[in-house]
Amino acid sequence: MKTFLSQTEVPWGWALKQGLGDPYKLHQWIWKALPGDPDASRDFLFRTDVKGGILRILLLSARVPSPGGDAEWKTTDVSGTFLGHGAYRFRLHANPTFRRSSDHRRLAIFDETKIRDWFVRKFADAGCELRDLETTAPRKLQFRKGGGAHPGTLCAVDSSGTLRVRGEAAFRATFDAGIGPAKGFGFGLLILQPVQL
């Protein structure tokens, strides 16, 4: 269970000099901030936002980031009662995809109607009913995994809205696991604020 929510902010210019504009390198940098076995499976989700020349990183993890290093992390506990509300306002940075039936290859979705359908389906699987949904236009995001010569491409869509929880067990599991693919690249972390509907 991921029970710690941490945040750090670093100058965007510094982050670019460190190569952190590449989602794969950013993922590796965050992983190094978490104590424990570097070869263990990834047990965290993260989201980044750049505003006013500052890179803000939100991190949901099972471990508290180590003090020191390149960034100062502020950490709080995610209480068990936080996920017990009936409705939330949410934000989600997602990578909508589908599997092609001929070869089962995962492909990005760029059609806005299909993107909306993807969100509705994913939230239904998470035990939620979407009450409203806003999405940005899809944009391509490139990365180089392990310094490879050929870049990979992801589809980035930001969404926000309100949801009503219909299945608490599925909702809690989804909060912990994230929504959609490419979680190692900063997708899938569900940002929540309880609301009355």
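The exercises below, each with a worked solution, concern the predicted model shown above.

Residues are numbered from 1 along each chain as its sequence is written. In this predicted model, local features need pLDDT of at least 70 and side-chain atom pairs count only at pLDDT 80 or more, while totals for chains, interfaces and linings use all residues, and side-chain values use heavy atoms, with hydrogens and water left out.

**Exercise 1. Describe the setting of T8.**

Step 1. Locate the residue: T8 belongs to strand β1, residues 4–11. Strands (E, at least two residues) and helices (H or I, at least four) are DSSP runs numbered from the N terminus.

Step 2. Classify its accessibility. T8 counts as buried because its relative accessibility is 2%; buried means under 20% relative accessible area, exposed over 50%, and partly exposed in between, with a 1.4 Å probe and protein chains only.

Step 3. List its contacts (heavy atoms within 4.5 Å). With neighbours within four places in sequence left aside, T8 touches L55, R56, I57, A71, E72 and W73. The side chain of T8 also reaches the backbone oxygen of E72 at 2.8 Å.

**Exercise 2. Identify the partner that the side chain of D43 meets in a polar contact.**

Step 1. D43 lies in the loop between α2 and β2.

Step 2. Its contacts, leaving aside neighbours within four places in sequence, are K2, L60, S61, A62 and R63.

Step 3. The partner is R63: a polar contact of 2.8 Å joins the two side chains. A polar contact is a pair of N or O atoms within 3.5 Å; within protein, one must be able to donate a hydrogen and the other to accept it, and residues adjacent in sequence count only if both atoms are side-chain atoms.

**Exercise 3. Contrast the accessibility of H104 and A182.**

Step 1. H104 is found in the loop between β6 (97–99) and β7 (106–108), and A182 in the loop between α4 and β11.

Step 2. Phi of H104 is near 60°, a positive value in a residue other than glycine. A182, also not a glycine, has a positive phi of about 65°.

Step 3. H104 is exposed, since its relative accessible area is 55%. A182, by contrast, is buried, with a relative accessible area of 18%.

**Exercise 4. Describe the largest nonpolar core.**

Step 1. A nonpolar core is a set of buried Ala, Val, Leu, Ile, Met, Phe, Trp, Tyr and Cys residues joined through side-chain atoms within 4.5 Å. In soluble globular proteins, nonpolar side chains tend to be buried together.

Step 2. The largest such core has 29 residues, and F90, F119, F123, L163, F171, L190 and L192 have the most contacts inside it.

Step 3. Elements that give two or more residues to this core include β5 (87–94), α3 (112–125) and α4 (168–177).

Step 4. Leaving aside neighbours within four places in sequence, the contacts of F90 include F123, L130, L163 and L192.

Step 5. Apart from this core lies another, of 16 residues, among them A15, L26, W31 and L59.

**Exercise 5. Determine which residues L107 contacts.**

Step 1. L107 lies in strand β7.

Step 2. With neighbours within four places in sequence left aside, L107 is in contact with P96, T97, F98 and R100.

Step 3. P96 is 11 residues away along the chain, and the C-alpha atoms of L107 and P96 are separated by 8.6 Å.
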